[in-house]
Amino acid sequence: MIPSRRLYLLLFLGMAIAIATAVILDPQTSVIITLIFDAVLLILGIIDAQWVKRQKVQVSRQTLHKLSIGRDNPVVLTVDGSSRSCRILIRDSYPQEFTVSTSTFDLILPANNTQELIYTIHPDRRGEFPWENIYVRQLGRWGLGWHSWQIPNPQTVSVYPDLIGLRTLSIRLAIQNTGTLRQVRRFGQGTEFAELREYGVGDDTRLIDWKATARRSRPVVRVLEPEKEQTLIILLDRGRLMTAKVQGMQRFDWGLNAALSLAVAGLHRGDRVGVGVFDKEITTWIPPERGQQQLSRLIERLTPIQPNFLEPDYFGAVTRIVNQQTRRALVVVLTDVVDSTASSELLAALTRLTPRYLPFCVTLRDPQCDRIAHNEEEDTQPSSMQQEITKAYSRAVALDLLAQRETAFAKLKQQGVLVLDAPADRISDAIVERYLQLKARNLL
């Protein structure tokens, strides 16, 4: 039995009664009356809590499936009430290293009622994590005592890359396939023949098929679409720079989400997609394939991989791709750079891919560096001279880092390497958009 607030208030009332009876009667009688009053209250509180055992609510957690890193994942608790309305407190045993929207539920459940309680959990790293028991407290009908117990509900749940974002992206690409892609075809952006249709206002006259026009006695145009069955190779760096935390997640996790998003886009566009993960060597290699089975294979193979503190061997990774991939391909390297000197090996490796392949360097920038460089930090408190000097120094360092990155990117662009430098938390959308642009412009 756990005493309730009401019981504590009544016990304090007993102290007031003791003082009053001591004034009216003798102190010995006052002590006896107070002890009897408190004993009766405690007995009633114990009885109140014991009655809860006969009418306990039933609480269960719906089975948790794969969770997405960096997302608010819903967790559902189902509460079945008893024949009486009651007040209950519920706390789930979620992994304490993650943040949740609601740690404890406090509610009044009507009689014979069932409710679903939903809280969200925000994982910031991948792996397997345990959910254990559900802790419940139920207040007695008199409101004097709580009965507390726990419901065994152990479960091990896997945290995957951003599966929620991948589902959203798949839906968006499917809509584009029926809408936007038709518009692309209408303007003739592509090299692969798709169909013949009647000429419409705004169509390119160079796409008129004169033989078909002669047969049908009305203008007919050829509809072209971006070429399919091309090859997309994604190289994901798992080295030292990818271990740094950006917006609460490791840079590698942002890169993994971007790699899978790009793979989804490539598979939706009919391309063959392969992925390699490397540090001093390519530790994981999934050859290019087409179809949705390839996406499932990528997710299962890439999810357990964690970054390490080794220096990446860009030249070795690119050399292996050159030796294995004979046909032209879009080779995307997901990594980060500091400056042109520290990233000289990356520059040499990517320039080796030109002109046979189309190299694409994608770097994940820390948004915090942008905010410091452009004075976007919120400052509502007055600053001392020392703090102002520190801020000025931090801004100078951030601006210098950004300038050195731009210098490195300029050298890459001069060698024919495509470059995308975007904040880590927005890299997935940016890389998919750039890939779709490359497909529409037939650069591959």
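Start by selecting α10 (367–373) and α11 (385–414): each supplies at least two residues of the lining of the second largest pocket. Helices here are DSSP runs of H or I with at least four residues, strands are runs of E with at least two, and both are numbered from the N terminus. A pocket is an open set of points on a 1 Å grid over the protein atoms alone, with protein on both sides within 12 Å along at least five of seven lines; a cavity is a set where a 1.4 Å probe fits but cannot get out, and lining residues have an atom within 4 Å of a point.

Before going on, note that this is a predicted model, in which local features need pLDDT of at least 70, side-chain atom pairs count only at pLDDT 80 or more, and totals for chains, interfaces and linings use all residues. Residues are numbered from 1 along each chain as its sequence is written, and side-chain values use heavy atoms, leaving out hydrogens and water.

Still at this pocket, show R251, D366, C369, L401 and R405, which lie nearest its centre among 18 lining residues. The volume of the second largest pocket is about 290 Å³, counted as the space filled by probe spheres set on the points, which are joined across faces, edges and corners. Which helix gives the most to its lining? That is α11, with five residues.

Next, move to the largest pocket, with about 360 Å³ of space. Select R71, D162, G165, S428 and D429, the closest to its centre of the 20 residues that line it. Helices α3 (163–178), α6 and α12 (427–440) each give two or more residues to this lining, and α3 has the largest share, five residues.

Now colour α6 (residues 251–268) and α7 (residues 292–302), which pack at an angle of about 170 degrees with their axes 10 Å apart. Axes are lines fitted to C-alpha atoms, for helices over the stretch in contact, and angles run from 0 to 180 degrees between N-to-C directions. The two helices α6 and α7 are therefore roughly antiparallel, a label for angles over 145 degrees. On α6, show the contact residues L256, L260, A263, V264, L267 and H268; contact means heavy atoms within 4.5 Å.

For a last stop, select D48, W51, V52 and Q55, among the residues lining the largest cavity. Its volume is about 100 Å³. Helix α2 gives the most to this lining, with three residues.

Technical notes. Angles under 35 degrees count as roughly parallel, over 145 as roughly antiparallel, 65 to 115 as roughly perpendicular and the rest as oblique.
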